[in-house]
Amino acid sequence: MGELVPGPWGSPPPADVPIEARTGEVSFLGRRLALLGILLRGYVLTLATFGIYRFWLVTQRRRFYWSNTMVDDQPLEYTGSSVQLLVGFLLAVVVFIPVYGTVFYVSTAAPEYAALAYLAMFGGFFFLSGYAAFRGRRFRLTRTLWRGIRFGQSGSAWIYALKRFFWIPVVIITLGLAYPAMVTSLYRYRFSNTWFGDRRMVFAGKAGALAKVFYGLYAINLVLACIVLYQSVANPWSTTADGTPVPSMTGGTWLAVSLLVLCLSVPLYISRERSAMLSSISLGEARLAVRMPARWLVAQYLCYGLFAIVLTTVLFLVLGLVVTVAEQGAFAGALQAISTFGRGIGAVLAIVLGYLTVVTLYATLWEIVIGLGYWKLLAEGARIENVDAIETVRAHGAESPNIGEGLADALNVGSY
Amino acid sequence: MRSTSDPIEIAFSAHFQDGNLARLRPIRVRVAGKDAEGALIVIDPANGRELAQWPTADVFTVPSRRDTIRIGREGAPAGARIIVEDPSAVAVVRAALPGLGRKRNADKRRQMGLIGLSSAALVAFVAAYLVGVPLLAGRVVSVISPAWETQVGETVAEQVAEIFEAQGGFEICDPDPDSPGNRALSSFADRVLQGVESPFDVRIAVVRSEVANAIALPGGRIYYFSALLDETRTPEEFAGVLAHEIGHVVHRHSMEQLVASAGTGLLVGFVLGDVTGLSVAGALGVMLVDSNFSRRHELEADRFARLAAERMQFDVSGLADLLDRVTGEDAFAEALALLSTHPLTEDRRAALAARTPVPPRVPALTSAQWQAITEMCGGPVPAGAD
């Protein structure tokens with residue numbers, strides 16, 4: 001009887017019996033409505049707690065994504081704590097204060113260096129965001145369990161930040177041609193430093209794998225840009241009888257075509273890049289294979305665009321209604337009431353709240369349509385070949401760093 | 001064992017991972033004993049062997065998908081779990097172990113308390129900041145040397161000039177310091193500053209602009225815009241505005257604003273989570289907090305103007321008349337006034353009127369001085385010049 005039970009306590013199958021490597025599927029069971037509920041409730045509480053609740057909202061979102069992602073029928077488990085996020089953020093603020101003081105001092109005391117100081121600050125922020133992203137990744141990986149085993153990350157966040165920082169001028173100098181090399185290099189650093197339990201991932205990706213799609217799209221867009229440029233010079237805008245300039249028919253058509261191609265190129269490239277890079281990852285004898293279909297990614301962006309148009313229309317209607325009602329004096333009494341406390345403050349408060357609400361609505365729409373959609377596409381396009389080879393992995397390492405992600409949070413890098 | 005003596009046996013099917021090896025195995029779990037003293041006995045369904053025994057007192061649930069239960073155990077490896085996914089098994093667990101979620105609920109309550117506490121702390125901090133910012137900014141400014149502030153003022157003046165350049169040019173009306181208009185301005189400033197300890201020399205200039213306003217820069221520069229001059233009907237109104245702006249200079253309000261905005265930016269960034277301070281909400285928030293602060297400054301400058309007027313025996317209520325006229329002009333101006341950093345004219349009129357001395361009234365400027373000033377930008381002579 002014992003032989004029928006798979007598991008560490010059963011004896012391994014005899015070596016002479018040929019076993020077919022089993023493939024583990026990945027699926028995502030999360031519902032958009034459930035996420036919407038989490039987000040809206042979270043935003044209200046965040047507002048009510050002056051921003052404090054956002055650390056708990058982040059944790060809830062992650063639990064939602066993790067627990068609904070089934071890898072070979074077992075969900076991921078997120079074990080991170082909100083308090084660690086809060087403490088990390090507090091520490092990051094402490095780190096930022098002297099930077100602010102310095103920049104403020106320089107901008108007032110030596111105004112000729114102010115622009116330089118701001119440039120240095122933003123350069124510093126960019127550098128630090130690489131550091132923060134890598135450190136945040138470690139925080140998330142070491143708080144992710146699958147089959148009871150913790151993920152982990154070796155490597156140095158400083159080295160990652162330096163790599164990322166120095167690739168930028170290279171990409172700029174080569175007019176973007178070095179981009180696939182940069183992407184591959186950063187993927188390699190991230191994934192060859194990723195561990196599952198005591199087993200290290202191996203990344204075998206090559207920049208060449210991205211060459212065809214990247215340079216192909218690069219060339220097509222370049223040619224189209226040249227045609228549009230040429231058309232605008234050789235075929236200048238005609239004018240109507242009353243002198244209004246009208247773009248020539250051919251020029252307008254080419255512009256529309258090139259914009260459309262550019263819009264399609266981005267999701268196409270994203271899907272190819274993710275598929276190629278993530279399919280280059282193996283863990284021992286097991287191998288990750290990802291096929292992210294570009295057309296679904298395009299469909300999601302279209303879907304988001306449509307919903308955004310609807311949302312914008314609704315917002316304008318609401319705004320128009322408010323203005324009309326206010327003009328008709330229905331709010332005169334309300335304004336009077338506010339003015340007892342200071343009319344200015346009431347109005348600014350209303351503007352801040354209105355602004356936050358609008359930004360939140362768009363962010364929510366983005367997350368519901370594209371954030372979740374992207375995660376689902378990635379998950380459902382992935383499978384693990386020879387998944388049973390993972391069964392011999394042993395637990396290793398602990399949660400690290402203890403205080404989490406503060407810098408990443410402060411710099412707003414690292415999603416999910 | 002306690003379990004063997006139990007009359008009714010409660011059991012369910014589940015999966016088990018031990019947290020040491022990345023393997024999952026089907027198990028049978030027997031619930032033994034009463035709630036807190038009992039145990040979950042993990043059994044290999046293939047041979048009935050006991051694999052593990054988890055005391056009920058040590059187990060807890062972890063967050064999981066709806067209608068699934070994941071049970072962990074204190075002291076066991078972090079990833080050790082009894083995983084219940086079968087609906088009938090979930091029902092059995094819920095019925096047999098009603099206290100299973102207790103630890104997680106207690107933890108939730110603790111977290112709620114923490115959220116409440118930290119929100120309260122943040123509110124207290126913000127309140128303390130709002131109350132303390134004039135004090136703090138004042139303290140910080142008092143250690144800033146006037147020489148540095150003058151330097152800052154030069155930078156701000158350059159920026160103001162740049163803004164004007166972008167809108168069609170920056171022009172100081174009547175730049176000759178010895179012109180009658182400029183002499184009238186500086187002699188008025190000297191009279192206002194008599195007996196007042198000012199850290200700076202006050203330099204007043206009339207600047208051509210469509211905007212009806214007057215501003216005081218750090219370091220003692222004051223700009224009176226031509227559009228406001230056109231609106232100004234009497235020398236008393238003009239003198240009231242100037243005395244008010246000189247009040248800003250003497251109290252170093254512009255510098256305090258600069259210091260306070262930097263601090264506020266940091267605070268608002270903290271609340272919104274964007275410490276880089278690049279968001280619109282951040283900028284608006286800074287405005288929200290600082291508008292309260294600048295109201296105090298306006299009232300302080302009004303008080304300074306009132307005292308100066310008492311000393312010089314001119315009628316300062318013209319300041320409020322002028323404000324009324326400028327801000328009450330049209331609906332658009334009113335809408336802008338909602339965002340204005342100035343207190344409502346009604347409040348200010350009351351403040352200005354307080355303890356207004358009995359006459360004799362003397363004109364704030366001689367008619368020749370007022371004439372010279374009104375002609376500085378070559379504009380029309382306003383009515384009511386005496």
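What is the handedness of the crossing of helix 5 of chain B and helix 13 of chain B? The crossing is left-handed, a term applied if the near helix is turned anticlockwise from the far one by less than a right angle, with right-handed used if clockwise. The model is predicted: local features need pLDDT of at least 70, side-chain atom pairs count only at pLDDT 80 or more, and totals for chains, interfaces and linings use all residues. Residues are numbered from 1 along each chain as its sequence is written, while chains are lettered from A and ligands numbered from 1 in the order in which they are written.

**Composition of the chains**

- Chain A contains 11 helices and 13 strands, and chain B contains 13 helices and 11 strands; helices (H or I, at least four residues) and strands (E, at least two) are DSSP runs, numbered from the N terminus.
- In chain A, 31% of the 416 residues count as buried, and in chain B the figure is 38% of 386 residues. A residue is buried if 20 or more other C-beta atoms lie within 10 Å of its own, exposed if 12 or fewer, and partly exposed in between, with C-beta atoms placed from the backbone.
- Among contacts with a separation of 6 or more, residues 24 or more positions apart supply 71% in chain A and 59% in chain B. Two residues are in contact if their C-beta atoms, placed from the backbone, lie within 7 Å.

**Helix packing in chain B**

- Helix 5 (residues 180–193) of chain B packs against helix 13 (residues 367–374) of chain B at an angle of about 120 degrees, and their axes are 8 Å apart. Axes are lines fitted to C-alpha atoms, for helices over the stretch in contact, and angles run from 0 to 180 degrees between N-to-C directions.
- These two helices of chain B are therefore oblique to each other; angles under 35 degrees count as roughly parallel, over 145 as roughly antiparallel, 65 to 115 as roughly perpendicular and the rest as oblique.
- From helix 5 of chain B, P180(B), G181(B), A184(B) and L185(B) meet Q369(B), A372(B) and I373(B) of helix 13 of chain B.
- By class, this contact has five nonpolar, two polar and no charged residues. Ala, Val, Leu, Ile, Met, Phe, Trp, Tyr, Cys and Pro count as nonpolar, Asp, Glu, Lys and Arg as charged, and the others, Gly among them, as polar.

**Helix packing in chain A**

- Helix 5 (residues 157–173) of chain A and helix 6 (residues 179–192) of chain A pack at about 175 degrees, with axes 10 Å apart. That angle makes helix 5 of chain A roughly antiparallel to helix 6 of chain A.
- Residues of helix 5 of chain A in this contact include W167(A) and V171(A), and those of helix 6 of chain A include M182(A) and L186(A). The residues of the contact divide into seven nonpolar, one polar and two charged.

**Strand pairing in chain A**

- Strand 13 of chain A pairs in the antiparallel sense with strand 1 (residues 24–28) of chain A over two bridges, and E25(A) stands opposite R383(A). Two strands pair if DSSP finds at least two bridges between them.
- Strand 12 (residues 286–290) of chain A runs antiparallel to strand 13 of chain A, joined by four bridges; R287(A) has E385(A) as its bridge partner.

**Strand pairing in chain B**

- Strand 9 (residues 203–207) of chain B is joined to strand 8 (residues 172–173) of chain B by two bridges in an antiparallel arrangement, with V207(B) the bridge partner of I172(B).
- Strand 9 of chain B also runs parallel to strand 11 (residues 221–225) of chain B, with five bridges, and A205(B) has Y223(B) as its bridge partner.
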